[in-house]
Amino acid sequence: GLVEQLRVIKDAEEIRRMEISCHLNQQMMEWLPGVLVPGRSEAAVSWDIEMFFRHHGATELAFTSIVGHGPNAALPHSYLEAENLVLVDVGCRLEDYCSDQTRTFWVGEKPTDRFKKTLEAVQEAQHKAIRAIHPGVLACDVYKAARGHFESLGVAEAFTHGLGHGVGLETHEGPSLNGRNKTPLEPGMIVTVEPGLYFPEWGGIRWEHMVLVTEDGCRVL
């Protein structure tokens, strides 16, 4: 674990590289709604994403892209339908460093009230977790900030995974933001904050930012 421990804290050059990797991911997310049209397959959208990354300088995907439509997120060949949601979790490798972002989009003109309400709950949980990030705070307490919001809404049972993880030369590095990890956060750590709510009969919504722990708080990349 010696090398892995050394990689937990990023130096200035690593942070610069991760910022440009994250910036390309954000550019892709802003471009993506134009290809999320009814009748296209999840596989076709995944290929569009990979081509975008490669055409803009990425050497490879950071991990296999996830494009999940409605309740069919686990199926490799489902097709986008109008008036439904699609969850996209993707990352690229640029100058050797990885990005990792998730967004959930609505396919169609007018999102349902359930979609809007669930998305609002997820984004507010993320906001509270990010606001809790600063040097010295325990990783588990950042997780609890998000989970506590879901508990206040009575939907915590639908939050079925950890809040986030470190990112760097690999997509998943330390520290893990879960309810058991008592590691104090330190300046130079870069973690994902990705709360989500999942309902098998309907679908799931996740929203993810990469966050740098700074000397006096944090900064969203």
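In which strand does Thr104 lie? Thr104 lies in strand 6; helices (H or I, at least four residues) and strands (E, at least two) are DSSP runs, numbered from the N terminus.

1. Basis of the note. This is a predicted model, in which local features need pLDDT of at least 70 and side-chain atom pairs count only at pLDDT 80 or more, while totals for chains, interfaces and linings use all residues. Residues are numbered from 1 along each chain as its sequence is written, and side-chain values use heavy atoms, with hydrogens and water left out.

2. Thr104. Thr104 counts as buried because its relative accessibility is 4%; buried means under 20% relative accessible area, exposed over 50%, and partly exposed in between (1.4 Å probe, protein chains only). A polar atom of the Thr104 side chain lies 2.9 Å from the backbone oxygen of Arg206. Leaving aside residues up to four places away in sequence, Thr104 touches Leu85, Val86, Leu87, Phe115, Gly204, Ile205, Arg206 and Trp207, where contact means heavy atoms within 4.5 Å.

3. The sheet containing strand 6. An open sheet is formed by three strands in the order 2-3-6, with antiparallel pairing; two strands pair if DSSP finds at least two bridges between them. Its edge strands, each pairing on one side only, are strand 2 (66-69) and strand 6 (101-107). On average, neighbouring strands of this sheet are turned by 15° against each other, direction ignored. Four bridges join strand 2 to strand 3 (residues 84-90) in the antiparallel sense, and His69 stands opposite Val86 in strand 3. Helix 3 (residues 42-55) lies across strands 2 and 3, running at about 150° to strand 2; axes are lines fitted to C-alpha atoms, for helices over the stretch in contact, and angles run from 0 to 180 degrees between N-to-C directions.

4. Helix 5. This helix (residues 139-153) has 15 residues and reaches 22 Å from its first C-alpha to its last, close to the 21 Å expected at 1.5 Å a residue; the expected span is 1.5 Å times one less than the number of residues. Its buried residues are Ala139, Cys140, Val142, Tyr143, Ala146, His149 and Phe150. Their cover includes helix 4 (113-132), strand 8 (173-177) and strand 10 (196-199). Gly154, which follows helix 5, has a positive phi near 75°.

5. Nonpolar cores. A nonpolar core is a set of buried Ala, Val, Leu, Ile, Met, Phe, Trp, Tyr and Cys residues joined through side-chain atoms within 4.5 Å. The largest has 34 residues, of which Phe150, Leu163, Leu185 and Leu197 touch the most other members. Helix 4, helix 5, strand 9 (190-193), strand 10 and strand 12 (209-213) are the elements that give two or more residues to this core, and helix 4 supplies the largest share, seven residues. Apart from this core lies another, of 21 residues, among them Val35, Ile49, Phe53 and Val107.

6. Two loop residues. Pro33 is placed in the loop between helix 2 (12-31) and helix 3 and counts as partly exposed because its relative accessibility is 41%. Although 73 residues apart in sequence, Pro33 and Trp106 are 8.8 Å apart in space, C-alpha to C-alpha. Glu170 is found in the loop between strand 7 (164-166) and strand 8; with a relative accessible area of 42%, Glu170 is partly exposed. Not counting residues up to four places away in sequence, Glu170 touches Arg7 and Cys98.

How values were computed: Polar contact = N/O pair within 3.5 Å; in protein donor to acceptor, adjacent residues only side chain to side chain.
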